[in-house]
4 protein chains.
Amino acid sequence: MAEKIRVTVWNENRHEKTDPRVSKIYPKGIHGAIAGFLSEDRDLITRTATLDEPEQGLSDSVLSATDVLVWWGHLAHGEVRDEVAAAVQNRVLKGMGLIVLHSAHLSKPFVRLLGTSCLLRWREAAEKERLWVVEPGNPIVDGLGSFFEIPHEEMYGERFDIPVPDATVLISWFAGGNVFRSGCCFLRGKGHIFYFRPGHETFPTYHQKEVQQVIRNAVRWAVAGNGPAMHLGASEEPLEKI
Amino acid sequence: MAEKIRVTVWNENRHEKTDPRVSKIYPKGIHGAIAGFLSEDRDLITRTATLDEPEQGLSDSVLSATDVLVWWGHLAHGEVRDEVAAAVQNRVLKGMGLIVLHSAHLSKPFVRLLGTSCLLRWREAAEKERLWVVEPGNPIVDGLGSFFEIPHEEMYGERFDIPVPDATVLISWFAGGNVFRSGCCFLRGKGHIFYFRPGHETFPTYHQKEVQQVIRNAVRWAVAGNGPAMHLGASEEPLEKI
Amino acid sequence: MAEKIRVTVWNENRHEKTDPRVSKIYPKGIHGAIAGFLSEDRDLITRTATLDEPEQGLSDSVLSATDVLVWWGHLAHGEVRDEVAAAVQNRVLKGMGLIVLHSAHLSKPFVRLLGTSCLLRWREAAEKERLWVVEPGNPIVDGLGSFFEIPHEEMYGERFDIPVPDATVLISWFAGGNVFRSGCCFLRGKGHIFYFRPGHETFPTYHQKEVQQVIRNAVRWAVAGNGPAMHLGASEEPLEKI
Amino acid sequence: MAEKIRVTVWNENRHEKTDPRVSKIYPKGIHGAIAGFLSEDRDLITRTATLDEPEQGLSDSVLSATDVLVWWGHLAHGEVRDEVAAAVQNRVLKGMGLIVLHSAHLSKPFVRLLGTSCLLRWREAAEKERLWVVEPGNPIVDGLGSFFEIPHEEMYGERFDIPVPDATVLISWFAGGNVFRSGCCFLRGKGHIFYFRPGHETFPTYHQKEVQQVIRNAVRWAVAGNGPAMHLGASEEPLEKI
């Protein structure tokens with residue numbers, strides 16, 4: 001009876017075109033892999049969009065028909081047009097959910113919404129990552145155990161230059177000696193934003209069950225309610241006699 | 001298909017027995033009024049419990065069959081047995097939702113869970129209260145406008161001695177010159193706690209549509225997910241070779 | 001023995017040039033008034049800067065010699081060059097404190113740092129404002145009573161479209177029926193940001209003792225410590241054998 | 001000119017009496033070691049107190065002459081009298097700072113102030129701990145580098161069952177595969193509380209320079225300002241005509 005959630009999975013889709021290691025792991029692209037498992041859920045209507053499509057895949061009509069936007073980018077952050085980044089930012093402030101994956105920590109919409117550099121430490125050494133649940137009451141960790149492991153991943157390490165998250169639900173341990181806040185919730189305007197660390201393009205991370213579970217949970221969490229519309233900025237009459 | 005939410009509305013139910021003003025407004029008790037409107041929702045299974053019932057209405061079997069507990073108390077906070085308060089606290093930490101209404105800011109379970117005095121300023125002058133939505137993206141304000149008014153209420157004013165809430169969704173304006181954080185979210189253990197200010201016993205506050213809407217929303221918000229069970233406190237083997 | 005705090009009070013300084021009501025209240029400009037009372041404090045070295053000075057008053061050498069920047073703007077937000085706004089943002093992320101006053105809620109540096117619209121409700125009706133202390137343990141309210149009043153001010157009301165503050169220390173009551181989070185702390189990068197609501201140009205707000213006290217306190221609070229410098233963004237070697 | 005900060009270092013002082021490994025590392029007790037390095041700071045007046053002293057070392061006169069209380073306990077949490085724990089809690093709510101060290105995560109004052117179980121995972125395997133700075137702008141990490149290491153420590157691991165901290169400044173990596181929020185700030189009433197993880201009794205942790213630096217910083221951070229006294233709980237007259 002409830003309305004279905006309209007999800008758009010956006011990907012810059014560049015590694016997939018040039019790096020056979022990536023296209024072998026993700027023959028339909030990273031966006032295709034993510035849309036693939038989300039499409040199994042009957043309460044979701046999932047579509048994909050990519051950078052090289054007209055209007056960079058994110059026309060007004062696409063954005064206005066999107067409840068939750070999933071974003072993967074890496075090589076081509078700079079090619080995303082400022083107007084597109086601003087349109088995404090504005091839609092989030094009005095209530096569109098945003099799931100920011102892995103290297104999209106430097107994507108234009110995320111950096112604009114957070115206001116900090118969003119820089120971090122990193123290392124490509126195919127090391128083990130173990131993600132610990134630190135907020136077991138948060139719905140984004142539904143169905144997980146106390147932790148889960150990814151056998152080979154790129155390392156992201158603290159200091160991650162972000163504002164204090166409204167909730168930090170996962171913290172990663174890396175074999176090489178680092179830690180990272182890997183699952184971070186932010187509320188901006190009416191929009192729910194979730195940053196989720198894993199997903200380097202040369203590893204089959206998005207084929208892993210626990211990673212898919214987190215993304216599935218986060219999509220539901222990120223749907224806006226129908227709280228009051230904000231008609232702000234205009235002068236108003238007093239509600240009481242002054 | 002989703003399982004129904006099991007709600008228990010607990011009330012000390014003392015004003016209703018001795019003050020005809022109260023029993024006239026709430027002939028079935030405050031608990032009866034709240035359970036009444038919640039019972040209209042088909043995804044909820046609502047029961048009531050009161051202080052003078054056996055085991056103060058909150059036996060282990062009642063608590064373990066409760067997903068969300070709604071609490072109203074005022075005169076008889078001190079009569080609630082410490083064991084009952086501890087049992088409620090422990091159930092919340094394990095995931096039971098808790099909606100704390102009005103004068104229950106001084107109830108034993110709430111004070112134990114927050115750790116502060118929970119004192120505040122107050123005045124009984126039947127003055128106007130206007131509740132402003134400050135977090136329009138929070139599901140607890142679904143269906144509200146930018147604000148709503150209660151024509152006559154007891155005043156509660158800042159400083160409210162609570163920890164910084166995880167989210168503050170409503171702030172009240174009072175005709176007599178005070179302000180108050182009237183809708184406050186707290187996560188404790190796996191349990192979601194919502195403090196909601198309105199509801200003095202001598203006013204028909206719980207018959208008002210917006211007040212009912214907030215309580216309805218809060219009940220859904222307070223349901224725990226199925227995040228990992230926490231088996232804490234025992235020594236553990238290393239996960240990596242040291 | 002401690003090093004002195006270097007404060008720069010920046011003002012667009014436009015109302016003062018064209019509106020005799022303003023120049024009568026603030027003959028040395030709003031910046032002059034604020035710098036005036038800060039200059040009484042011997043642990044501060046206070047200077048001013050204004051929009052119409054070379055490099056809009058904020059050359060690299062000024063910014064790099066500023067520990068805490070105080071910002072007042074209203075008419076001319078759009079004239080502040082994007083490079084200047086970006087330079088302020090970057091300095092804040094590296095540790096410069098920022099005190100954002102009144103209508104500077106729409107200043108470029110603040111909006112860039114917060115990432116939201118920063119819009120709000122407003123009304124010019126010279127109404128009474130009463131500011132309640134909600135976090136008495138925060139050093140920004142040192143020396144205040146439980147509340148203080150400003151006899152005539154512009155109204156700013158919720159919803160104020162900002163991220164959840166790291167601390168909310170003051171909430172305003174307005175005679176016309178509104179409330180507002182009037183003292184809000186944000187940490188961005190290593191920089192401490194304090195938004196303080198009062199200060200409409202046609203009222204003598206910055207001559208009021210309590211308002212001066214809050215600004216004095218906030219300047220000290222906003223000074224960065226000497227935590228670790230962040231050399232982020234470059235690839236790193238593992239700290240442990242992988 | 002500023003008044004000196006009065007610090008009381010409390011220790012249950014039991015391991016030191018029975019375990020020669022501990023008394024060898026800390027011949028003057030853990031309290032003596034901590035008071036020792038704090039005593040080098042001329043802006044502090046440092047004293048010690050222990051469980052087996054009269055009134056468990058924390059008479060009203062001691063507490064009322066303490067600006068910041070440092071607490072170490074492990075074996076004897078249960079022996080601390082409820083009245084003493086309540087007195088500490090009340091003093092914190094009124095503004096006394098509290099530094100809670102290592103196994104004092106289960107001390108009565110801390111558990112009462114936080115309201116959760118405060119349980120965690122743990123392991124005694126003398127493994128390496130690396131503490132990463134995650135909030136470089138927080139004064140508690142002044143003087144540190146990006147991280148520091150402790151060669152041998154007991155492991156504490158997530159999930160740590162605490163409320164979301166007001167700030168999380170350090171996160172630990174452990175060789176055995178765990179992570180932990182090792183430096184956590186909480187504001188309760190007017191009191192600043194800092195939980196700092198390191199300090200197992202069989203390791204010379206409190207002789208390490210970086211550990212001492214954090215405790216030194218935290219003591220200054222925890223000093224209350226002179227914000228308004230809270231006279232709460234009594235009925236009040238309206239400030240405006242109703």
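A salt bridge, as the term is used in these legends, is a side-chain nitrogen of Lys or Arg within 4 Å of a carboxyl oxygen of Asp or Glu. The model shown in every view is predicted.

**View 1. A salt bridge within chain C.** Arg159(C) and Asp161(C) form a salt bridge in which the closest N and O atoms are 2.9 Å apart, and this pair therefore falls within the 4 Å limit. Arg159(C) counts as buried, with 2% relative accessibility, and Asp161(C) also counts as buried, at 7%. Side chains of opposite charge can pair when their charged atoms come close.

**View 2. A salt bridge between chain D and chain C.** Here the side chains of Arg130(D) and Glu240(C) meet in a salt bridge, with 2.4 Å from N to O. The pair crosses between chains, since Arg130(D) lies in strand 5 of chain D, while Glu240(C) lies in the segment after helix 7 (209-221) of chain C. Arg130(D) is buried, with a relative accessible area of 0%, and Glu240(C) counts as buried at 18% relative accessibility, because the word applies to residues under 20%.

**View 3. A salt bridge linking distant parts of chain D.** The side chains of Arg197(D) and Glu153(D) meet in a salt bridge at 3.3 Å, N to O. Arg197(D) is found in the loop between strand 9 (191-196) and helix 7 (209-221) of chain D, whereas Glu153(D) belongs to strand 6 (residues 147-157) of chain D, and the two are 44 residues apart. Arg197(D) is buried, with a relative accessible area of 0%, and Glu153(D) counts as buried, also at 0% relative accessibility.

**View 4. The interface of chain A and chain C.** In this interface, 39 residues of chain A are in contact with 39 residues of chain C, and the area buried between the two chains is about 3,100 Å², of which carbon and sulfur atoms give 58%. The rule finds 2 salt bridges across the interface, and the side chains of Arg121(C) and Glu236(A) meet in a salt bridge at 2.7 Å, N to O. There are also 16 residue pairs in polar contact, with both residues at pLDDT 80 or more. On the side of chain A that touches chain C, strand 5 of chain A gives the most, with 5 residues, and the residues of this side divide into 17 nonpolar, 10 polar and 12 charged.

**View 5. The interface of chain D and chain A.** Between these chains, 20 residues of chain D are in contact with 20 residues of chain A, and the buried area is about 1,800 Å², with 60% given by carbon and sulfur atoms. The count of salt bridges is 4, and the side chains of Glu135(D) and Arg181(A) meet in a salt bridge at 3.9 Å, N to O.

**View 6. Two cysteines of chain A.** The count of disulfides over all chains comes to 0, and Cys184(A) is in no disulfide, its nearest cysteine sulfur being that of Cys185(A), 7.6 Å away. The sulfur of Cys185(A) is too far for a bond, because the closest cysteine sulfur, in Cys184(A), is 7.6 Å from it, and a disulfide needs the sulfur atoms to be within 2.5 Å. Cys184(A) counts as buried at 0% relative accessibility, and Cys185(A) counts as buried at 3%.

Notes: Residues numbered from 1 in each chain as written. Chains lettered and ligands numbered in written order. Predicted model: local features only at pLDDT ≥ 70, side-chain atom pairs only at ≥ 80, totals over all residues. Heavy atoms only, no water. Contact = heavy atoms within 4.5 Å. Buried area = accessible area lost by both parts, 1.4 Å probe. Polar contact = N/O pair within 3.5 Å; in protein donor to acceptor, adjacent residues only side chain to side chain. Helix = DSSP H or I, 4+ residues; strand = E, 2+ residues; numbered from the N terminus. Nonpolar A, V, L, I, M, F, W, Y, C, P; charged D, E, K, R; others polar. Buried < 20%, exposed > 50% of the residue type's maximum accessible area, 1.4 Å probe, protein only.
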